Amino acid sequence: MNAGIIKQVTQHLVNRARWSAMEYAFWLAALASIFLLPSRHLILTEVAWLGLFALSLDLILGYAGIISLGHAAFFGVGSYVAALLAKHAIIAEPVLALVVSGIAAAFLGFATSFLVLRGSDLTRLMVTLGVALIMREIANQIPEITGGADGLQGVVIAPILGTFQLDIFGHVAYVYCLLVLFVLFLLARRIIYSPFGLSLRAVKGNPLRSALIGISVNGRLVAVYTLAAFYAGVAGALLAQTTAFASLDVFSFERSADLLLVLIIGGTGYLYGGLIGAVIFKLMQDWIANLTPQYWQFWIGLVLVLIVLVGRDRIGLGTGMVRALGQRAVRRLPIPAFRIAAPPAEGR
Amino acid sequence: MPAVLATQSLEKHFGGIAAVNGVSLAIEKGARHALIGPNGAGKTTVINLLTGVLRPSAGRILLEGEDITALAAHHRVQRGLARTFQINQLFLDLTPLETVGLAISERMGSGGQWWRLVGSKLEVTEEIVDILGRFQLTDVMFERTGNLPYGKQRLLEIALAIACRPRVLLLDEPAAGVPEAERHDILTTVAALPSDVTVLLIEHDMDLVFSFADRISVLVNGGLFIEGAPDEVARDPRVKAVYLGESLNA
């Protein structure tokens, strides 16, 4: 009698992990952008690493409920490690250097994860912010290694896999960043639909009961925080490699705060929030900066206040208003971008 | 017969208040033991101490002869000590299917696996279906737990503890707040628990206590007042005074 139900349950669980049409559409659009928007590759590169960075924050905020105002600490470590590896030709090949940079950030993530295990959201905000400030000051105090306030100059990035040299138009850089984003997204998606991923949602929903059905709550939080630090480190390394530069700005408070905004725009807890948020945030920044070069932050601020007011009940659920608003914004925003990219031959 | 779960002079102070004051309990293997007492007597605090939700101020807790006083809550579960809560502690955004699956995966040691998809392990799925069936939750297994009627949530609360396959099960007022119509399901479920599972029950419903328990401990003001077989406890005039009298008047 149970055999039929078991089959039905298995089917139900397996179906959930299946790719939806929307997901295919999203990645096809990303693929198409390589060929259709060659003149926008520089900004799309920024979108790609910002999306990866936001995906990293989503792993801890959307799935484990850990809020952070200092995620730039891991981004920054990844950035500096990648720049240093390239500058001193310790690991010249960028893909390997990328992995090593991520691992370096993961070490910091593991070490600091124990600080965020306890306490309220406010405690976590302060602790994570503090860690990022400390990292920034350390980088500032060892200029002989990091270049201090001047940044790390003279970084030369070797060809990717020994073959693909980065070009000044950002074509190779964009394809590189997009591929890294895609691979790490696939990994994150796999993890989210695993028993480990399910237990994270349980821990987020009810840590007390989680412990009392045998889940090692702290163990799971340490694991996901370390994983997220790896992702953030890789994102930072992508920035360093595609700009051949690293500066103290990678650790800045604004970077952590902007990241939270990116995720709020896109919505948390469904993996695509960070990616969609990054697209909207960067395009909005670019678009508004073109309209009013001096006051763009005013408009960004206003838009964010509106988004949060309209969708305040939805933040953290990753559904409904914020997402709908995001999707509406996605439909609207690319229009000026396309207009800029349109060939002048139209002559109107 | 050796006690499967025992406490020695267990104490818990909150500030200057002694919520639990020198409680020494011994629960025998396979027992149906009830812990009763007036409101505020410290019954739930005892359960919280036994399961590791709270750390005792003094005293020891022994599970099958081993000292588990300093053991983390999730390790106690892995050693076969599970509980339910007086007020539901469920995962409102998950389905009953996922909820029960979590406990089963964790027990089988595969709950931390990240490379495998949920639902890819047949033995977990089989056991989920079996447990949900036993607790009349099959028809709602795909629904969000937060949307379920209270009676169903209450059944899930117990099913989740059973999914941990405990050797000792602590039930904190399983029938609390359940509407009369659905009460029967809960009582049948509690009565049908496997006989090799040792059960410690906290309950205000005296019908349930006296039909279920073969041993009763009465807790008053954080201290153990009397312990004995149900008929002894029922006959004891002091118990009537402090407890049964109160519940008759209530």
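## Parallel strands of chain B

Three bridges link strand E7 (residues 81–83) of chain B to E8(B), and the two run parallel. This is a predicted model.

Strand E8 (residues 168–172) of chain B pairs with E9(B) over five bridges, in the parallel sense. Here Asp172(B) stands opposite Ile202(B) of E9(B). E9(B) is also joined to strand E4 (residues 32–36) of chain B. That link consists of four bridges, and the strands again run parallel. Ala34(B) is placed opposite Leu201(B) of E9(B).

E8(B) is largely enclosed by the rest of the structure, because five of its five residues are buried. Both of its faces are covered. Val168(B), Leu170(B) and Asp172(B) lie on one side, Leu169(B) and Leu171(B) on the other. In a regular strand, side chains alternate between the two faces of the sheet.

Strand E9 (residues 198–202) of chain B is mostly covered, with five of five residues buried. Thr198(B), Leu200(B) and Ile202(B) point one way from E9(B). Val199(B) and Leu201(B) point the other way. Each of these residues is buried.

## The β-α-β unit and helix H6

E8(B), helix H6 (residues 180–191) of chain B and E9(B) form a β-α-β unit. Its hand is right-handed.

Glu180(B) belongs to helix H6 of chain B. Is Glu180(B) buried or exposed? Glu180(B) is exposed, because 6 other C-beta atoms lie within 10 Å, and a residue counts as exposed at 12 or fewer.

## Contact between chains A and B

How many residues of each chain take part in the contact between chain A and chain B? On chain A there are 29, in contact with 40 residues of chain B. Four helices of chain A each give two or more residues to the side that touches chain B: H1 (2–16), H8 (171–192), H9 (195–205) and H10 (207–211). H1(A) supplies the largest share of that side, eight residues.

By residue class, the side of chain A that touches chain B holds 17 nonpolar, nine polar and three charged residues.

## Helices H12 and H13 of chain A

Helix H12 (residues 253–266) and helix H13 (residues 272–291) of chain A have axes that come within 7 Å. The axes cross at roughly 105°. H12(A) is therefore roughly perpendicular to H13(A), a class that covers angles of 65 to 115 degrees.

On the H12(A) side, the contact involves Leu261(A), Val262(A), Leu263(A), Ile265(A) and Gly266(A). They meet Gly273(A), Gly274(A), Leu275(A), Ile276(A), Gly277(A), Ala278(A), Ile280(A) and Phe281(A) in H13(A). The residues of this contact divide into nine nonpolar and four polar, with no charged residues.

Notes
Residues are numbered from 1 along each chain as its sequence is written. Chains are lettered from A and ligands numbered from 1 in the order in which they are written. This is a predicted model: local features need pLDDT of at least 70, side-chain atom pairs count only at pLDDT 80 or more; totals for chains, interfaces and linings use all residues. A residue is buried if 20 or more other C-beta atoms lie within 10 Å of its own, exposed if 12 or fewer, and partly exposed in between; C-beta atoms are placed from the backbone. Two strands pair if DSSP finds at least two bridges between them. A crossover is right-handed if, with the strands pointing away from the viewer, the path from the first strand over the helix to the second runs clockwise. Two residues are in contact if their C-beta atoms, placed from the backbone, lie within 7 Å. Ala, Val, Leu, Ile, Met, Phe, Trp, Tyr, Cys and Pro count as nonpolar, Asp, Glu, Lys and Arg as charged, and the others, Gly among them, as polar. Axes are lines fitted to C-alpha atoms, for helices over the stretch in contact, and angles run from 0 to 180 degrees between N-to-C directions. Angles under 35 degrees count as roughly parallel, over 145 as roughly antiparallel, 65 to 115 as roughly perpendicular and the rest as oblique.
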